[in-house]
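Have the sequence and the 3D view open as you read.

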Amino acid sequence: MSNELKAFQCDETELFAAVSAEQAAELYEEWTGEAPEAPYPAELTDVQLDEPIPDFDEDENPTGEMTSVRRFLAEHGEEPGWLAGSMG
């Protein structure tokens, strides 16, 4: 099994970096106290990873720049965990 982190959608807003859907589900449950409901967790496709999204600074203020989930994942590091969403 590869140890490369992938991005998983675990509900309508939360993304987690994990090596598998099972690990993403465990991380989500630790984070929220609830198991994800089907169809989650779902691995993001290349199109979803590369879709331009607005960038925000550490205070959640828009920067005026665009970014992507692929960039979040690249900057995330090697430790599985929360990647993006409304809970930060």
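## Strands side by side

Start with β2 and β6: 3 bridges link them, and they pair in the antiparallel sense. Within this part of the picture, A17 sits opposite G81 of β6. Keep in mind that you're looking at a predicted model.

Now zoom out to the whole sheet. It is an open sheet of 4 strands, in the order β3-β1-β2-β6, with antiparallel pairing. β3 (42–43) and β6 stand at the edges with a single partner strand each, so one side of each has no neighbour in the sheet.

## Helices across the sheet

Which strands does helix α1 lie across? Helix α1, residues 21–32, lies across β1 (6–9), β2 and β6, and it runs at about 130° to β2.

Helix α3 also lies across β1, β2 and β6, running at about 145° to β6.

## What's packed inside

In soluble globular proteins, nonpolar side chains tend to be buried together. Here, the largest nonpolar core has 11 residues: L5, A7, L15, A17, V19, L44, L49, V69, L73, L83 and A84. At least two residues of this core come from each of β2 (15–18), α3 (69–76) and β6 (81–84). Apart from this core lies another one, made of 7 residues, including F8, A18, A24 and L27.

Let's pick one core member and check its surroundings. Leaving out residues up to four places away in sequence, A7 touches F16, A42, E43, L44, L49, V69, L73 and L83.

Note on methods. Residues are numbered from 1 along each chain as its sequence is written. This is a predicted model: local features need pLDDT of at least 70, side-chain atom pairs count only at pLDDT 80 or more; totals for chains, interfaces and linings use all residues. Side-chain values use heavy atoms; hydrogens and water are left out. A nonpolar core is a set of buried Ala, Val, Leu, Ile, Met, Phe, Trp, Tyr and Cys residues joined through side-chain atoms within 4.5 Å. Buried means under 20% relative accessible area, exposed over 50%, partly exposed in between (1.4 Å probe, protein chains only). Contact means heavy atoms within 4.5 Å. Two strands pair if DSSP finds at least two bridges between them. Axes are lines fitted to C-alpha atoms, for helices over the stretch in contact, and angles run from 0 to 180 degrees between N-to-C directions.
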